[in-house]
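Here are my notes for you, as numbered points. Please keep the model open beside them as you read.

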Amino acid sequence: MTPAKETSDLPPRRRWSRTGRRLFPVALLLLFSACSGDGPQSSLEPQGPLASEIDGLWEFVLILATAVFILVMVGFVVSVVRFRERKGDTREPKQVHGNTRLEIAWTILPAVLLAVLAVPTVQKLFEIREVPEGDDVLQVKVTGHQWWWEFEYVDYAAPDGRTLITANELHIPADTKVNLTMTSADVIHSFWVPPLNGKRDVVPGRITNLTLEADGDAVTDNVGFGPGVILGQCAEFCGLAHADMRLRVFVRSDADFEAWAAAQLEPAVVAEEGPVAEGYETFTQVCTACHQATVSLPDGTVTTVGVENYVTSRDVDFRSSFGPNLTHFGSRTTFGGASFDNVTEHLSAWLANPSDLKPMDPDRNDIPARRILGMPNFQLSEEQIKNLVALLQEWQ
């Protein structure tokens, strides 16, 4: 019986043939894994004019790069076929030393191609980076925290001077330019809502700007997360819970946005008795160490409870708290950096031990140094958790 040949005993051509058959499925797997559908955070599904300009530039570059690739591959295949070694042909190929025309051509043509790419790219870059001005521009201050986003609508204020402050969920009117003036309270973050614009770093001690504008169609046309919801996230690694530092942009009609803003400026109502009243007592004893809320007490008094600090460095002057403002927490669809649905089950688990749901490092919190790395486990009783959930869900 003749023993099977080892791979090393096979002729080179057969060895390569067998290797190719083995690698072909792997190559196909890699090819198809690079293809993605219409995901909720796709830059290739723009929902605003700025993102459409970026997408158009990408398509232009893709077409040009594809044309160059085809020309190079055609030249390569023709060269391989035409100048291949033929059986019985022992002639030495013609030896060529230098070709001035060819060398000039392949120096000038790439330079021209790069110029064709550079001109529209630089032009679009300046257009996208331009800070919008005018009374019709919505101004929003954005502060990045580990690991959540704080939004302050500086043009919307209550009679007592309070501005509209919320967290993780940015509400904007459709077909309106929104100027985000951004900084960070701790480390470098990156604000990114792919269907609306490119990403922009958020740097402590510095101001960066980003413009968002959503099409009117975005009010009802989006990818599976409810009417008018566009997903975004932090795009710069910023610590343990970076992957859970997400955000949602809610696109509204002008009337709906104005109604939402007016409702958000109203104080949250505290009941005189019952679970909500007991939850408020726990809130003032525990939660106000880091959170704020503007409330209307049973006697009609309106007050803001909780800690507030100012992020001030160089030209940065931003209103900010250690934790999200919870005045209208019940009206939000998510919490925990827009990572968890705002339902009783998730909220109860969060209050029992936040780090079980989201990787954080609260043991390293340093309030005097304004460094907060997560919400601690306050060892709340089941009754306290139940009452706090009732309070927070009541604050619509």
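1. A definition to begin with: buried means under 20% relative accessible area, exposed means over 50%, and partly exposed is in between, with a 1.4 Å probe and protein chains only. This is a predicted model, in which local features need pLDDT of at least 70, side-chain atom pairs count only at pLDDT 80 or more, and totals for chains, interfaces and linings use all residues. Residues are numbered from 1 along each chain as its sequence is written, and side-chain values use heavy atoms, leaving out hydrogens and water.

2. Now the overall picture. The chain has seven helices and 17 strands; helices (H or I, at least four residues) and strands (E, at least two) are DSSP runs, numbered from the N terminus. Of the 396 residues in the chain, 39% are buried. Contact here means heavy atoms within 4.5 Å. Taking contacts between residues at least 6 apart in sequence, 63% join residues at least 24 apart.

3. How do α5 and α7 cross? The axes of α5 (residues 275-285) and α7 (residues 382-394) come within 7 Å and cross at roughly 105°. Axes are lines fitted to C-alpha atoms, for helices over the stretch in contact, and angles run from 0 to 180 degrees between N-to-C directions. Angles under 35 degrees count as roughly parallel, over 145 as roughly antiparallel, 65 to 115 as roughly perpendicular and the rest as oblique. The two helices are therefore roughly perpendicular to each other. On the α5 side, the contact is made by P275, V276, E278, G279, Y280, T282 and F283, and on the α7 side by E383, Q384, N387, L388, A390, L391 and E394. Sorted by class, that gives seven nonpolar, four polar and three charged residues, where Ala, Val, Leu, Ile, Met, Phe, Trp, Tyr, Cys and Pro count as nonpolar, Asp, Glu, Lys and Arg as charged, and the others, Gly among them, as polar.

4. β12 runs parallel to β11 (residues 268-269), joined by two bridges; two strands pair if DSSP finds at least two bridges between them. Opposite V295 in β12 stands A268.

5. From α2, the contact takes in E53, I54, L57, F60, V61, L64 and V68; from α3, L113, V116, L117, P120, T121, K124, E127 and I128. The classes here are 11 nonpolar, one polar and three charged residues.

6. Still on α2, its buried residues are L50, A51, D55, L57 and L64. Their cover includes α3 and β8 (208-212).

7. Next, an open sheet. Five strands form it in the order β4-β10-β9-β6-β7, with mixed pairing. β4 (169-173) and β7 (200-202) stand at the edges with a single partner strand each, so one side of each is left without a neighbour in the sheet. Neighbouring strands are turned by 25° against each other on average, direction ignored. Helix α4 (residues 254-265) packs on this sheet, touching β4 and β10 (246-252), and its direction makes about 135° with that of β4.

8. Inside that sheet, β6 (residues 189-192) and β9 (residues 229-234) pair in the antiparallel sense over two bridges. F191 has C234 in β9 as its bridge partner. S190 also sits in β6 and, at 1% relative accessibility, counts as buried. Beyond residues up to four places away in sequence, S190 touches W149, K199, R200, D201, V202, Q233, C234, A235 and E236.

9. Leaving aside neighbours within four places in sequence, the contacts of L138 include Y153, Y156, H171, V178 and F257.
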